[in-house]
Structures are given as structure tokens and as C-alpha cells.
Amino acid sequence: KEVCLNRIWQKPEEAKISVFDRGFMLGDSLYEVIPFYEGRVFALEEHLSRLKYCLKEISLDFDVEMLIPYIEDAVRRSDYASNDAAVYLQVSRGAAPRSHFFPEKSEPIFLLYSFPVNLRGFENKHWKLLISEDIRWHRCDIKTTSYLANTMLNDKSYKLGLDETLLVKEGIITEGSHSSAFFVQDEIIYTHPEGHQILSGITRKIVLDLCRNLGLELREEAFPFSEIAYADEVFLTGTTTQVMAISEIQFQDNILFQSSEPGPITRKIQEAFIQRTRNLQV
Ligand code: PMP
């Protein structure tokens, strides 16, 4: 499969970036994963507007709109156009002599490619989670490719045969290592408010909108770690995670939360999410 590096479609083994690329050297780059349902792009505007926000936050001048035809190209060129796929998109500040400040001159580069992803059947899955301390930096709202902390955290659950790591900061749950977290208690849905401590998940936003449409009670308030044992339902959201019901949450050697099947509120949201992504309604 070809990748698009700086407007040119080429074989991945032939695509080259400079060793002085700041994304490579310093993690001075951003990314997005944009889903395609049956070849139809979903929430493109939201993904591009998050990228725009992140570019502004890291003072990187880059025209996001010019990416649109390339994103569409990525799916058109793939074999999965009639099925589900996602586009990985990365923008780096580009090559410049290594410095700890942003260089005045550098030519940003972008990379994108599509990959097949199974966006069906998530409603039949159930994830098990591990709890760990949120060791990430203080700007988790910036979708940087510097995901070393996220990877270290996710690797802990992977090594234990679990599916994702839920992060605790100062006694509250922020989010997952690569997903947004939701808790249901007494028919009220809780999720961490937007800000520097979490990524503003696109799926999170869509789920919030679905909750409002469904008339479910929703609070953008952090859920305390100490309440996990008393949660009725837990689910995670993300572009590839979709709306994932949680069956178990482990902390050290204890099981804090257990649920044999997805709860009624998780179910409602999953159904509405399928409607929204497949039929573009609700
Ligand atoms: N939080 C983190 C830390 C993530 O990495 C992701 C996925 N990249 C999400 C939340 C979910 O975001 P989205 O719904 O935009 O995929």
C-alpha cells in the first residue's frame, strides 16, 4: 500500500524524511486518525478542527484544508473503500538544525495513509481495564505523536492480557491511554471535562451529543477513583474503540469493578452510535 508523503504517493519503503525532521527528533508533530464507514468519511470537520487547534497551540503554521483531497484520495486508493477503514494523518514541523526552540524557518511535512480497521461488532465486545497513575504531561489536549507515556501505560495492560489502561490523576479518572472514559452511576453519566488533562475526543463529543438527544442525564465532571467500585456501568470511546463496554477494572491485585454484560445506558448509546455512524442520522 502506498503512503502519501508531502503530496506524493509512494511505496512506504521509498518514502523518506530527514533525520533532522523535528517530528522524528523531538516529537514535534501532531496526528489524527479519521474513520471511514463503508468508504464514507465520518466527522472530518471535527478531526480537522482539532488538528487546527493543536497546530495553533504549538505555533505551527499549516493549511489544514489542503489535506481534504488527500484524505479522500487515501480511501479511494485503498482496497477497503467499500468497507471500513481509517486514515492516519501526521503533520511534522519538518527538518531544521536541532534546537530547543521552534525554528523560524522549516517546511512542515505531512504523511497520510489508509489502513483497514474493523469498526463493526464492537457492541459484542467487552474490555478489561487496568488502573494506573496518569504519568503524562500537562497538555494532554494536544494530539502530539509523542505518545511514549501513553504507550508505557497501555503496555502495562497489554502485558497482563487486558485491553486498555485507565488513568488516575490526583484521585480522579482522567481518561484511557488512548480512549475517553465514561461512568454511569444512578442513571447519571459522568466524563472528565475538556481541558489540558484530557484529549478532546471526537467520539466523546459525538457521544455527548447522542446523550443529549436521548435525554440522558450527563455531567462533564471527573469521576473519582474511590467511586469506581460503586459505578453501575463503565464504557470507553474512541475512533477505533467506538463505544466499548467494560466488564472488569483491575487495580494492583484487586478487581474494583465487574459487570457481566453491558448496562442499559451503554446499550442505548451504542445503538444510537451505530445509527449515527452507519446511517448518518440521530
Ligand atoms: N484520549 C486519548 C489519550 C487518545 O489517544 C484518544 C484516541 N486517539 C482518545 C482519547 C479518543 O479520541 P477520538 O475519539 O478522537 O479518537
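A nonpolar core is a set of buried Ala, Val, Leu, Ile, Met, Phe, Trp, Tyr and Cys residues joined through C-beta atoms within 7 Å. The legends below use that term for a predicted model.

**View 1. The largest nonpolar core and a second one.** The largest core holds 37 residues. Phe183, Phe235, Ile246 and Ile249 have the most contacts inside it. Take Ile249 as the point of entry. Leaving aside neighbours within four places in sequence, Ile249 is in contact with Leu129, Ile131, Leu166, Ile228, Val234, Leu256 and Phe257. A second core is separate and has 19 residues. Ile71, Ala74, Ala86 and Tyr113 are among them.

**View 2. Strand S15 and its partners.** S15 covers residues 242-251. This strand is mostly covered, with seven of its 10 residues buried. Strand S7 (residues 127-133) pairs with S15 in the parallel sense, over four bridges. Within that pairing, Leu130 has Gln250 of S15 as its bridge partner. S14 and S15 run antiparallel and are joined by four bridges. Here Phe235 stands opposite Ala245 in S15. Strand S16 (residues 254-258) also pairs with S15 over four bridges, in the antiparallel sense. Ile249 has Phe257 of S16 as its bridge partner.

**View 3. Two hairpins at S15.** The hairpin from S14 to S15 passes through three residues. The hairpin of S15 and S16 has two residues between the strands. In the turn of this S15-S16 hairpin, Gln252 has a positive phi of about 50°.

**View 4. The six-stranded open sheet.** The strand order is S2-S1-S6-S5-S3-S4, and the pairing is antiparallel. Strand S2 (8-10) and strand S4 (40-41) stand at the edges. Each has a single partner strand, so one side of each is left without a neighbour in the sheet. Helix H3 (residues 68-76) packs on this sheet. H3 touches strand S1 (3-5), strand S3 (29-37), S4, S5 and S6. The direction of H3 makes about 30° with that of S6.

**View 5. The S5-S6 pair.** Strand S5 (residues 85-92) and strand S6 (residues 109-116) run antiparallel. Eight bridges join them. Tyr88 stands opposite Tyr113 in S6. Tyr113 also belongs to the second core of 19 residues.

**View 6. The shell around the ligand.** There are 13 residues around the ligand. Gly201, Ile202, Thr203, Gly238 and Thr239 come nearest. Helix H5 (202-214) and strand S14 (233-238) are the elements that give two or more residues to the shell. The largest share, three residues, comes from H5. By class, the shell divides into two nonpolar, nine polar and two charged residues.

View 7. Ala43 lies in the loop between S4 and helix H2 (44-57). Is Ala43 buried or partly exposed? A buried residue needs 20 or more other C-beta atoms within 10 Å of its own, and an exposed one has 12 or fewer. Ala43 has 18 within 10 Å, so Ala43 is partly exposed. Leaving aside neighbours within four places in sequence, Ala43 is in contact with Ile202 and Ile206. Ile202 is also one of the residues that come nearest to the ligand. Ala43 and Thr239 are 196 residues apart along the chain, with their C-alpha atoms separated by 9.9 Å.

Terms used
Residues are numbered from 1 along each chain as its sequence is written. This is a predicted model: local features need pLDDT of at least 70, side-chain atom pairs count only at pLDDT 80 or more; totals for chains, interfaces and linings use all residues. Two residues are in contact if their C-beta atoms, placed from the backbone, lie within 7 Å. A residue is near a molecule or strand if its C-beta atom, placed from the backbone, lies within 6 Å of it. Ala, Val, Leu, Ile, Met, Phe, Trp, Tyr, Cys and Pro count as nonpolar, Asp, Glu, Lys and Arg as charged, and the others, Gly among them, as polar. Two strands pair if DSSP finds at least two bridges between them. Axes are lines fitted to C-alpha atoms, for helices over the stretch in contact, and angles run from 0 to 180 degrees between N-to-C directions.
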